[in-house]
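Have your viewer open and your selection tool ready. We will begin with the whole chain and then settle on one residue.

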Amino acid sequence: MSQQVEALERWLGYALPAHYRRFLGDWQEGMRGEQVLLYGVESLRERNETYETQQFCPGYMTIGDDSGGRAVMLALDGGERAVYLVGHGSMQRDDFELAADDFASWLAADCPLA
């Protein structure tokens, strides 16, 4: 798994935040809560290429979706732990909606969207 993470980091041009890297070590792609699909390390590059995340939201990555047209976004700056939602059709930082101030607490609450 660490080779996949390292390859993803090279492609992104960023080191993944430590808290998210730890999460990936224990996570296989799947649903959390009622409707959040969190991607596994094997899908992250393909999903970020498809949604052109680097072009439209530099400094962020798509880590999942809400099964309803919105991407789940995480900052690549390890200092910011917030989770955001943004419509796939308007992938711009100005359109982000805050889902949670902290990724770990968001996970612990089973990924609420409201």
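Predicted model: local features only at pLDDT ≥ 70, side-chain atom pairs only at ≥ 80, totals over all residues.

**A short tour**

Now switch to a cartoon view. You will find five helices and six strands, and from the N terminus on they follow the order α-α-β-β-α-α-β-β-β-β-α. The radius of gyration is 13 Å, close to the 13 Å that the globule rule gives for 114 residues, so the protein is as compact as a globular protein of that length. Along the principal axes, the C-alpha atoms fill a box of roughly 35 × 30 × 25 Å.

Buried residues make up 46% of the 114 in the protein. Colour by charge, and you will have 9 positive and 19 negative side chains, with the centres of the two sets 5 Å apart.

Now select Tyr 39, in the loop between strand 2 (36-38) and helix 3 (41-50). Is Tyr 39 buried or exposed? Its relative accessible area is 0%, so Tyr 39 is buried.

Which residues does Tyr 39 touch, leaving aside those up to four places away in sequence? Show Tyr 20, Leu 24, Trp 27, Glu 29, Leu 44, Arg 47, Tyr 51, Thr 62, Ile 63, Gly 64 and Asp 65. Pick out Thr 62: it is 23 residues from Tyr 39 along the chain, and their C-alpha atoms are separated by 8.7 Å. Finish on Asp 65, whose side chain is joined to that of Tyr 39 by a polar contact of 2.8 Å.

Conventions
Residues numbered from 1 in each chain as written. Heavy atoms only, no water. Helix = DSSP H or I, 4+ residues; strand = E, 2+ residues; numbered from the N terminus. Rg over C-alpha atoms; globule rule 2.2 N^0.38 Å. Buried < 20%, exposed > 50% of the residue type's maximum accessible area, 1.4 Å probe, protein only. Lys, Arg positive; Asp, Glu negative; His and termini not counted. Charge placed at Lys NZ, Arg CZ, Asp CG, Glu CD. Contact = heavy atoms within 4.5 Å. Polar contact = N/O pair within 3.5 Å; in protein donor to acceptor, adjacent residues only side chain to side chain.
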